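Open your viewer and get ready to click along. We will go from one selection to the next.

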Amino acid sequence: MLLHRGPSRFFSLFALIAVLIIYGLQLRSLYTVPVYDSVRWGGDETWLMREFGNQAMHGVMQYPEQFGQPARTDGVLAGSMWLDALIYGISGNIVFPITDLAKIGRTITAILGLMLIASLYFILRKLDVVPILAACSVGLMVISQGFLWATHSTRYDLLTGLTLVWYCYYLSRLVSIGKLNPVSSTIFGILSISIIIFSRHMLTLGFPAT
């Protein structure tokens with residue numbers, strides 16, 4: 001029946017299955033490569049999970065054993081990462097010490113990676129990209145080394161990317177239905193960036209996107 005719908009749809013389905021298989025094979029090393037808190041992350045994984053957990057519980061982005069010291073922040077950018085704290089911090093607070101914090105964080109990141117795969121394909125199809133090209137685009141992302149390292153870490157970089165993808169899609173939909181003119185788009189962009197910039201990493205890319 002799939003063949004009657006056209007070879008492009010059949011091959012796109014085949015490509016998507018291949019992408020999921022590749023991603024599944026990558027996840028076999030999720031808890032072993034790289035070593036937790038190794039030189040690649042410089043201790044960030046457990047450190048971040050402790051800080052996110054502290055923020056989720058006490059409202060402060062601070063390492064729990066930093067007794068009497070001021071909160072470790074870089075102003076508003078590092079001190080307001082509530083989405084990360086809700087996703088990573090609450091999960092760590094609930095499951096730890098039954099499971100290692102870095103393992104909890106990497107599991108969450110792996111789920112976010114699967115959401116990014118699904119989101120990218122969905123958005124490309126909504127933008128009328130043909131199925132086979134949409135599937136191949138997702139495939140190119142999955143086989144990239146950057147995606148592999150991003151999914152194998154207890155960090156929020158993948159969440160940042162997922163946010164940016166949906167943000168750009170939302171802007172494109174507003175433009176396509178004629179809801180934005182140059183003035184309103186500029187105002188909307190400034191307001192939007194002032195909200196999502198609370199993560200220090202690549203969310204500032206929203207400026208050129210806007």
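Which side-chain oxygen reaches the backbone nitrogen of Ala102 at the start of H5? Select Asp100: its side-chain oxygen comes to within 2.9 Å of that nitrogen. Helices here are DSSP runs (H or I, at least four residues), numbered from the N terminus.

Before moving on, note that this is a predicted model, where local features need pLDDT of at least 70, side-chain atom pairs count only at pLDDT 80 or more, and totals for chains, interfaces and linings use all residues. Residues are numbered from 1 along each chain as its sequence is written, and side-chain values use heavy atoms, with hydrogens and water left out.

Now select all of H5, residues 101–126.

Asp128 has a positive phi of about 70° although it is not a glycine. Its relative accessibility is 67%, so Asp128 counts as exposed (over 50%).

Next, pick Phe52, Ile117, Val142 and Phe147, which touch the most other members of the 33-residue largest nonpolar core. Such a core joins buried (under 20% relative accessible area, 1.4 Å probe, protein chains only) Ala, Val, Leu, Ile, Met, Phe, Trp, Tyr and Cys residues through side-chain atoms within 4.5 Å. H5 gives this core its largest share, 10 residues.

Finish in two loops. Between H1 and H2 sits Pro34, joined to Val33 by a cis peptide bond with omega about -10°. Pro97 lies between H4 and H5, and the bond from Phe96 to Pro97 is also cis, with omega near 10°.

Technical notes:
The expected span of a helix is 1.5 Å times one less than its number of residues. A polar contact is a pair of N or O atoms within 3.5 Å; within protein, one must be able to donate a hydrogen and the other to accept it, and residues adjacent in sequence count only if both atoms are side-chain atoms.
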